[in-house]
Amino acid sequence: MEKINHTISVTNFSLLFKSFLVGALLTEVLIIAKVVCKVFVGVSNSSQKEIWLWAIASFYCLIIGSYLFKKERLRRMWILLKSLRIDLLILIFSGASLVRVFGGVGVFFLKRWFESLSWLQLTVLILFPVMIYTSLILKKLQDIFFKSKYFKREDRDSLFMSDKEGENTSDDEFNFSDKAKRFAERVFNQRSQESLVFGIDAPWGTGKSTFLNLCKEYWNEKHKNEMIIYNFDPLRHENKEKLLEIFIDGLIKEIRNHAFAPEIESLVSKYAKLLKNSKPTFSFLGLRFDLPSGSESMDDVFNRLKSALINIDKKIIVIVDDLDRLNFSSIKEVLFVVKKAFTLPNISYVLCYDTENIMALEQRKIDTEKISEFLEKFINVKISLYLENKLLLEYFTQNKDKSLFKNPLVDPQLVSKAVEGLKDIFESKDFHHYLPFIGDARKLKRLINTILLLEVDKTDFENSDFDKQDLIHLLLIYINYPNIFRKIYNTETQGKKGFFSVVTRYEEGYPKTNNLSSNDEITYKNSEEYSKYINSLTNNQQFILNKVFDLNQKMVHPSTGLFNFSNLTEEMVASYACFNGSIYNSKGRNLESYLNLITNMSRPIEVKQHKFYMNLKSKILSSKTIEEIFQGKNFSFSESESTHKQLWRMLVNSSNNEFTPKKSKEVICYALNNFPKYSVLEINSIEVGFRNSIAYLIAKLLDKVGWLDKEGGYINNTDENVAEIAKWIFGEGGHEKEGILDILGGEERGVLGLYDLLSFRMYCCADRGGDISNLVRSLSKHGDAKAPTSGNNKVITIEEMREISQKVFRIFKSYIIDQKRNIFDEIDKLTMEDVCGGYSIFINSKVESGEIKDVEAEIFRLKSRLKAFIIFQLGCAMSDNCICCGYYDISENKDQNGISKAMNDYIFGTCFNPKINKNNFWHFIDFLLINLSNTSGHLSSSKYIPNINDFTKVLDKDQLITYWQKQSKNIKCKILKSENRTVYTSNYIASYAEDLEGIYKVLDEVIK
């Protein structure tokens, strides 16, 4: 009993003395204030300044009142009154009584000094505290009213998703509320005085801080007056020497704000010093001296502190967040504090950490089990937080737009497109492999913020070839492994390729093997460099890289799970990041496009994207007319023909089940009617010359959708059903006014229409190698129901092409022969506008800018090609290499080369006849030079003599001999060997000065 009383007296001595001193000082202040007031009243009355007296008195009443009625002061006064510390009240009264009995200390001298002051001096002295208080009030009012109205900085919404934790239940995105309430109630523990340490073990970004805020919200609602919550952030004080003292100071301050327990401050400080084995000290002249600590032991202090804490009628909760962000030594120091102090009553701890991160902090390699055993020595109860991938995806997809809504610079829909690949990742069986990259909300926010920073969302993903999976994986590499991303950039940009991107057999880096098959020539494989590099990386790095570049994973069939190179589609080659150009597709630098998008914010050109044309094709075949699309901004005739070419190619390669009968007719008719708009002049540098390909596209479309089965589809391709193709070609049945041959060879289209007509006829041939079996059968059966459609290809072609060849010749005859027109003159009359169609202005602008040089030579080459092609297709009678019109008769089916004979009669009788036009000699010589088989003849003209067979493929040999016998002297006199005239062809240039002698020699030899 004596020991206990002694302990109490020692414990309270310092506090009792302080209470006595407070009472004495307050009384002294009141006595002085009374003296000042009396002096000031007397001086004011004598100086007739009573108004100042009342004004100053009012100021002081206002100051004292505002101080006492301030919320914080009232709360502290209420805490003091609730403590019922009568012992302290008695000491305060004793101190006040002592000073009151003696009339104050030094009051007599102060009174004499005040009486010696003038009214002005005394007024200034009294108003000095008022001025200080007034300045503070004015500053606060300025902050509240003035600045908020005129100068307050506008709080604009952030451009990025905030990483701030949730504050209350409305911010709960992961359904933590119920779990937080249960946990908070367990920590409160029915207000038990038992001390426990609770642990919240979860990875970074899982939402530990949000979970704690939900717990605090619950405590504030349910147990507001029963708890004291102290948040200790050790990360702010890491590497500071006195972590324990900082912790103690914060704890004392928090207790002081909620309860009147003046003994605790000194007791806790003393207990902390004993825990650290330190002694009280003082310093003098830079020297530090130890003070004796008396006979008190740690147990004595602990017992006194225990008694003080029991008297606090509140549960104390100490929260330590982000424990795993400290270094390992700091973690151990914090846990040391908890270990030493958690046995104190009324104090419980909540520690937040991630076991795996703590394990990673230790330099010595300690497994997770050992770390868990280490933490179990300090933590009594542990809870873990888990995020379901479906819930995380729901948070991400449904709430990101809410975060982006306030940002006017960002299109939430485009952001959704940019991260569309995430949904597949969350739903995949490999999701557990993605946890290091997108396994929590913080990582997802970082991904979104990176997308916004790089302005990836500005890309039109609807019309770009970026694969959603590859884009996400490359962004994850960019964020998590910048060194690897830098290596990808350095090895796959500026024309470089073949390290990460796949290679083909004839490219450097292709794996060496002795078992090459013919398929290896077109098969893509990962390079040897990539295989070596990937083996040097960690498992996580290998996983994320292989998702982008490992071709074996790309080519696995989604349903069978088996690798098959035939799974590779045109869309894959145009979009996958593992492709970066090849010997087969040098323009398709997919990977470089991805890298430029991420690093340089370089967005792809819309009209160069495969997907752009896929979308337009879908619109044509569903909701819009083809004319509407081709009249759009991307199909202007002021640009090259590449956009038209790509879209037509996409339409032709579409599956026939994508077409309706109405759309089929619309597309084919549009192609027929718009032939003349395109350029027949080919200039590769600016991508024109598409007119040369449209005839082939029409043939393919006719074969695919130029017919219809009884069900209204394109499935049952019987001879009866596909017969519609031939009717359309010849303008029969329901196509009387829209026959394809009549439209293409219409007189209004001139000689280029004949070129289109012959081109179409050529592409209808079975021997052209194209898959046009429906069209071939239709033409064959149209001319002869018994015509073969299988077996010898030559026989099939002869039967198939007879009727169309005769029709084509009749069109040529009616337009050219019957009207006595010279086909060579007609071709020579063609102007730039004729051969370039709607693109003549565009090509002229390129000529003026210098991008196209010597365009006249290109036009001469074109004219030579037109002459050779038209004459050969109509006049050639041979059947070895191809079946031309000249093989057939003008009518019937005897095939005795009647068309060829008619063409030769026309050529020699009209085109080369000098009686009709003296310049026809030039047509004769030009035609011979155009048909030279030795393209180097002009380089060695003195030794080279052409073969007569070069000319008799079309020209009848007998008529050629007869013509030369009659006209050779006139020609030689008129056309000299030194003539400054040149004939341009597609693969050589023939000069009169160099090649004419060889022509004359071979013709002279023939007539001998």
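Predicted model: local features only at pLDDT ≥ 70, side-chain atom pairs only at ≥ 80, totals over all residues.
User: Which residues of helix 8 are buried?

Analyst: Lys-208, Thr-210, Phe-211, Leu-212, Asn-213, Leu-214, Cys-215, Tyr-218 and Trp-219.

User: And its length? What span should helix 8 have at 1.5 Å a residue?

Analyst: Helix 8 covers residues 208–222, which is 15 residues. The expected span uses 1.5 Å times one less than the number of residues, so helix 8 should span 21 Å. Its end C-alpha atoms are 21 Å apart, which agrees.

User: New topic. At what angle do helix 19 and helix 20 pack?

Analyst: About 100°, with their axes 11 Å apart. Angles of 65 to 115 degrees count as roughly perpendicular, so helix 19 is roughly perpendicular to helix 20.

User: Which residues make that contact?

Analyst: Helix 19 brings Arg-446, Leu-447, Thr-450 and Ile-451. Helix 20 brings Ile-472, Leu-475, Leu-476, Tyr-478, Ile-479 and Asn-480. The contact divides into seven nonpolar, two polar and one charged residue.

User: How about helix 41 and helix 43: parallel or perpendicular?

Analyst: Their axes come within 11 Å and cross at roughly 10°. An angle under 35 degrees counts as roughly parallel, so helix 41 is roughly parallel to helix 43.

User: Who meets whom there?

Analyst: Asn-904, Asp-905 and Phe-908 in helix 41 meet Gln-959, Leu-960 and Tyr-963 in helix 43. That contact has three nonpolar, two polar and one charged residue.

User: Now the inside. How many residues has the largest nonpolar core?

Analyst: It has 135 residues. Trp-648, Ile-729, Phe-760 and Ile-823 have the most contacts inside it. Helix 36 (residues 793–817) gives the most to this core, with 11 residues. A second, separate core has 55 residues, including Ile-488 and Phe-499.

User: What is Trp-648 in contact with?

Analyst: Leave aside its neighbours within four places in sequence. Then its contacts include Ile-626, Phe-630, Val-667, Tyr-670 and Leu-701.

User: Last one. What's up with phi of Glu-687?

Analyst: Phi of Glu-687 is near 55°, a positive value in a residue other than glycine. Glu-687 lies in the loop between helix 30 and helix 31. Its relative accessible area is 39%.

Notes: Residues numbered from 1 in each chain as written. Heavy atoms only, no water. Axes fitted to C-alpha atoms, helices over the stretch in contact; angles between N-to-C directions. Helix = DSSP H or I, 4+ residues; strand = E, 2+ residues; numbered from the N terminus. Parallel < 35°, antiparallel > 145°, perpendicular 65-115°, else oblique. Contact = heavy atoms within 4.5 Å. Nonpolar A, V, L, I, M, F, W, Y, C, P; charged D, E, K, R; others polar. Core = buried A, V, L, I, M, F, W, Y, C linked by side-chain atoms within 4.5 Å. Buried < 20%, exposed > 50% of the residue type's maximum accessible area, 1.4 Å probe, protein only.
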